[in-house]
Number of protein chains: 2
Amino acid sequence: MIYAVIPAGGSGTRLWPLSRAGHPKFLHPLTGSAASLLQATVERLGSLATPEHTFVVTGTAHATAVARQLAGLPEENILVEPSPRDSCAAIALAAAVIARRDPTAVMGSFAADHLIGDPAGWRETVRQAARGAEQGLLMTVGITPTWAETGYGYLETGEPTGDGPLRPVTEFKEKPDAEVAEAYLRSGRHLWNASMFVWRVDVFLAELARQQPALHAGVVAIAAAWGTEEQDEVLGTVWPTLPKISVDYAVMEGAATAGRVATVPGDFGWNDVGDFHTLGEVLPADPAGNMVLGGDAKPGVFLRDSTNLVVVPHSARLVATVGVHDLIVVDTPDALLVCPRARAQDVKQIVDELKERGEVGLV
Amino acid sequence: MIYAVIPAGGSGTRLWPLSRAGHPKFLHPLTGSAASLLQATVERLGSLATPEHTFVVTGTAHATAVARQLAGLPEENILVEPSPRDSCAAIALAAAVIARRDPTAVMGSFAADHLIGDPAGWRETVRQAARGAEQGLLMTVGITPTWAETGYGYLETGEPTGDGPLRPVTEFKEKPDAEVAEAYLRSGRHLWNASMFVWRVDVFLAELARQQPALHAGVVAIAAAWGTEEQDEVLGTVWPTLPKISVDYAVMEGAATAGRVATVPGDFGWNDVGDFHTLGEVLPADPAGNMVLGGDAKPGVFLRDSTNLVVVPHSARLVATVGVHDLIVVDTPDALLVCPRARAQDVKQIVDELKERGEVGLV
């Protein structure tokens with residue numbers, strides 16, 4: 001049994017126009033069932049963490065939606081950030097709040113917007129990581145790469161230190177170019193960094209104090225006021241002063257250099273559902289290879305002589321195609337996207353340009 | 001000066017989902033300006049026919065829309081068919097009504113949903129046809145073919161009979177296959193049948209009486225009651241009994257065999273705007289070859305790395321494309337179509353299948 005922390009942030013711009021700043025990726029049912037990615041993330045914990053031991057850290061804009069989607073979670077376990085301060089502040093706040101309750105608790109941090117094909121296998125991997133955490137290591141769960149992906153960061157690992165599956169992480173690697181990614185894939189020593197962490201809260205907070213003393217002092221001050229009359233006052237004063245930095249960059253890279261990070265390689269069908277092409281790869285398609293998200297809704301779709309489509313009929317309109325292939329069609333009430341699957345990554349550019357144009361209502 | 005008759009029927013199924021049974025092609029501004037095809041058809045008449053000499057024959061569902069679009073036309077010149085009886089009944093009714101007013105009037109019948117690039121050239125051709133009509137011929141305006149089109153019927157012509165441009169029409173030809181169409185194009189004797197007719201109403205009605213006596217008797221009876229208290233009664237009783245047949249098949253083919261049909265070849269940028277690909281060919285495109293119909297409306301379109309598209313943003317939504325080419329994207333409030341330009345003809349099949357499914361609201 002561990003504490004689970006789910007940072008629920010990020011808007012998933014490559015899933016525009018379905019995913020929006022106001023209704024981001026993790027709130028959408030991109031799971032092949034009615035569950036949202038966030039709900040699936042909590043369900044996946046199963047016996048790893050009780051609702052009382054499960055925390056979500058999210059922004060003010062999404063607090064109510066999170067509360068309604070996760071009706072089984074205690075209210076006080078939904079930590080609402082006054083403003084986005086990146087992942088280190090979010091995770092550190094949760095760690096500090098948990099540490100007030102249980103100073104040597106083991107906590108795992110898991111993104112709210114990923115899919116996992118084999119939840120039981122994932123839980124087993126996390127349990128192995130928890131054993132490393134109990135021994136004082138900052139654990140990551142690395143994904144055994146199955147292709148030379150250039151869109152992910154990598155963990156470079158050393159020789160296993162014992163009989164178990166644990167391996168030291170010697171270095172965090174940025175997203176590689178294609179050649180380097182091929183080399184990583186062949187090396188057998190590189191894992192995808194899926195931003196899953198497992199550690200004792202006291203160990204993490206000590207490492208945070210060493211590398212990011214201001215951030216540490218801030219979250220400890222906030223946690224001390226948590227649940228008291230002072231909470232809003234302290235949070236509102238201290239939070240905006242915290243450094244805006246990712247936990248990888250702020251803590252994990254330095255900890256790896258200091259020999260304090262290890263990993264358990266996992267192979268449980270992890271997917272970050274980063275774009276519509278990926279979504280089409282992960283979710284079940286019809287015999288023509290067309291993946292229709294939420295295709296049961298009326299009036300639905302009419303796909304004639306069309307194959308390998310990713311279709312999201314997300315407005316109450318008929319989506320009709322004739323003679324098109326390998327295409328993404330995302331239909332929402334105020335915006336429509338048509339794009340080849342091979343260009344799925346470029347959807348982010350539309351969002352960037354719409355922002356530049358000041359079309360804030362559309363992004 | 002002639003009488004002009006504009007049969008305004010047909011729903012333009014290959015222009016679905018823009019064109020619908022309830023709001024058919026001729027009511028839409030597919031002209032590159034704010035004018036609908038119907039309005040452009042009337043404007044094109046110019047000095048050929050006054051509003052008082054211009055008649056529209058349309059169905060009950062479209063009478064009010066026609067009346068509003070053509071505010072300059074006398075009310076009584078909009079003839080409303082109680083039910084669709086194909087083109088022969090529509091044109092014959094107008095001919096019979098005109099004949100009551102002016103028994104030897106020359107009338108021209110022109111479709112409500114075609115585009116013409118050179119209206120002055122077209123008017124000149126119609127004037128030449130009118131001279132043939134005055135001599136007692138049933139005149140057609142044939143279009144000099146510019147490619148081997150398989151989607152049109154053809155007029156087979158004989159040797160010119162005098163010094164003028166008139167040629168006898170020896171036979172009406174159905175839509176040919178590709179090989180036959182190539183032969184027609186090479187022959188120099190075949191013209192596209194654009195269903196434009198010019199004749200004296202007495203000559204047409206006599207030929208109708210010879211070939212379709214029941215239809216003739218019916219429209220003469222209706223015309224006799226036209227504008228009297230009896231009009232609704234007679235129209236309601238007689239109209240449903242009229243044969244449902246096209247004027248080509250009912251009258252013109254037999255008249256050609258009898259040597260009573262002639263034509264004037266025309267070359268005035270005629271286009272039947274039959275499908276979205278054609279629309280993209282006819283209307284002006286941007287430098288990337290993208291034709292956006294009504295593209296000034298907000299929020300408009302966002303076409304990145306996209307070429308040779310036909311985009312109809314006909315709902316108040318952003319249409320965004322990335323990396324697509326030669327594609328049709330038609331966005332309406334209740335249905336979306338995505339289709340390669342090369343498959344533009346197959347849009348009709350969607351409409352047929354939707355009808356079969358009973359999705360009458362969508363067609």
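Copies are superposed by least squares on the C-alpha atoms of residues with pLDDT of at least 70 in both. The model is predicted. On this basis, chain A is brought onto chain B by a rotation of 179°, with 0.1 Å of shift along the rotation axis. The RMSD of this superposition is 0.1 Å. The two copies are thus related as by a two-fold rotation axis. Within chain A, A:V338 has the C-alpha nearest this axis, at 4.1 Å.

The interface was examined next. Chain A contributes 36 residues to the contact, and chain B contributes 36 residues. Of the interface residues of chain A, 97% are also interface residues in chain B, so the copies meet through the same surface. The size of an interface is often given as the accessible area lost when the parts come together. Here chain A and chain B bury about 2900 Å² between them. Carbon and sulfur atoms account for 59% of that area. Three residues, A:F302, A:R317 and A:V322, supply 22% of the area that chain A buries against chain B.

Between chain A and chain B, 6 salt bridges are counted. In one salt bridge, the side chain of A:R304 meets that of B:E353, with an N to O distance of 2.0 Å.

Several elements of chain A build the side that touches chain B. At least two residues each come from β13 (301-304), β15 (318-322), β16 (327-331), β17 (335-340) and α11 (347-356). The largest share, 6 residues, comes from β17(A). By residue class, this side of chain A divides into 21 nonpolar, 5 polar and 10 charged residues.

Strand pairing also links the two chains. β17(A) is joined by 4 bridges to strand β15 of chain B (residues 318-322). These two strands run parallel. Within this pairing, A:L336 has B:V319 in β15(B) as its bridge partner.

Over all chains, the salt bridges number 30. One lies within chain A, between A:R341 and A:E281, whose closest N and O atoms are 3.2 Å apart. This pair links distant parts of the chain, 60 residues apart. A:R341 lies in the loop between β17 and α11 of chain A, whereas A:E281 belongs to helix α10 (residues 276-282) of chain A.

Technical notes:
Residues numbered from 1 in each chain as written. Chains lettered and ligands numbered in written order. Predicted model: local features only at pLDDT ≥ 70, side-chain atom pairs only at ≥ 80, totals over all residues. Heavy atoms only, no water. Contact = heavy atoms within 4.5 Å. Buried area = accessible area lost by both parts, 1.4 Å probe. Salt bridge = Lys/Arg side-chain N within 4 Å of Asp/Glu carboxyl O. Nonpolar A, V, L, I, M, F, W, Y, C, P; charged D, E, K, R; others polar. Pairing = 2+ DSSP bridges.
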